[in-house]
Amino acid sequence: MSLEQASEIQRRMYDFIVNYMKSEGMPPTNREIGRELNIASTGHVDYHLTMLEKKGLISRQAKKSRGIKLTKQTQDGIPVMGKIAAGEPLDIFEGATESVDVGQNFTDTENTYALVVRGRSMIEDHICDGDYVVIKKQATCRDGDIVVAVHMQEGVSGSATLKRFFQEKDHDRVRLQPANSELDPIMIPKTIWDREWQIQGKVVAIFRQCITAA
């Protein structure tokens, strides 16, 4: 079912969700939607979200304050899964919010996703604030790879950071190295790394361009 079949308030709500995801890298809460559209009752917001869900424009995860996902995906491009810090760790939002067009020359798109870079700690690797990094999903890496390193919290994915990975066997630790001479690396004892950290992929491409709503 198309957006044209939705009511005016539902079209405005859908547009706000799409634009919010573009700017924030995650979906809005019901309260944020209500505040934007001047709807005082979160119950009324929930009703219109249910209508958008029935029309096939969104899906929602139960008991999650930011559980909205867009179901109308673009056929081209790589899904953008949120934001990642190149400075301090930030949360990765699970669920594509838009897609980035990587062009026809980039053919290895299987098991890949994109993240919006926030921060300046990787600028000496020419990864700037606002760039899009394409990540190849994998749990292993080699020394020197630029990786998505995730600090697990009670066995659940927590904050993630973008750094070069080095295993310092002589010191029995892992070093997450920024590409900014003004910043210090993150040093993690190997026992803590094995228990609390995971690699969720490595950077295979960097793009600086416009994104497309999913």
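Mentor: A residue is called buried when its relative accessible area is under 20%, exposed when over 50%, and partly exposed in between (1.4 Å probe, protein chains only). The model is a predicted one, so local features need pLDDT of at least 70 and side-chain atom pairs count only at pLDDT 80 or more, while totals for chains, interfaces and linings use all residues. Residues are numbered from 1 along each chain as its sequence is written, and side-chain values use heavy atoms, with hydrogens and water left out.

The part to look at is the annotated active site. An unreviewed UniProt entry gives this annotation to Ser 121 and Lys 163 (positions are in the numbering used here, feature names are shortened, and annotations may be inferred rather than shown by experiment).

Ser 121 sits in the loop between β6 (112–118) and β7 (132–136); Lys 163 belongs to strand β9, residues 156–168 (helices, H or I of at least four residues, and strands, E of at least two, are DSSP runs numbered from the N terminus). Ser 121 is buried, at a relative accessible area of 1%. Lys 163 is buried too, at 2%. Their side chains are joined by a polar contact of 3.5 Å (a pair of N or O atoms within 3.5 Å; within protein, one must be able to donate a hydrogen and the other to accept it, and residues adjacent in sequence count only if both atoms are side-chain atoms).

The β6–β7 loop and β9 are also linked by a charged pair. The side chains of Asp 125 and Arg 164 form a salt bridge, 3.0 Å from N to O (a side-chain nitrogen of Lys or Arg within 4 Å of a carboxyl oxygen of Asp or Glu). Asp 125 is in that loop and Arg 164 in β9, so the pair ties together parts 39 residues apart in sequence. Arg 164 is partly exposed, with a relative accessible area of 25%. Glu 168 has a salt bridge of its own with Arg 173, the closest N and O atoms being 2.5 Å apart. Glu 168 counts as buried at 15% relative accessibility, whereas Arg 173 is partly exposed at 25%. The salt bridges come to nine in total.

Now the rest of the chain. It has four helices and 13 strands, and 44% of its 214 residues are buried. The largest nonpolar core holds 18 residues, and Met 13, Ile 17, Ile 33 and Leu 49 have the most contacts inside it (such a core is a set of buried Ala, Val, Leu, Ile, Met, Phe, Trp, Tyr and Cys residues joined through side-chain atoms within 4.5 Å). The elements giving two or more residues to this core are α1, α2, α3 and β2, and α1 supplies the largest share, eight residues. Apart from this core lies another of 17 residues, including Tyr 113, Val 148, Leu 162 and Val 203.

Helix α2 (residues 30–37) has Glu 32, Ile 33, Gly 34 and Leu 37 as its buried residues. These pack against α1 (8–24), α3 (42–54) and β2 (68–70). Among the residues that Ile 33 touches are Phe 16, Val 45 and Ile 68 (a contact means heavy atoms within 4.5 Å). Just after α2, Asn 38 takes a positive phi of about 60°.

How values were computed
Lists of a residue's contacts leave out its neighbours within four places in sequence.
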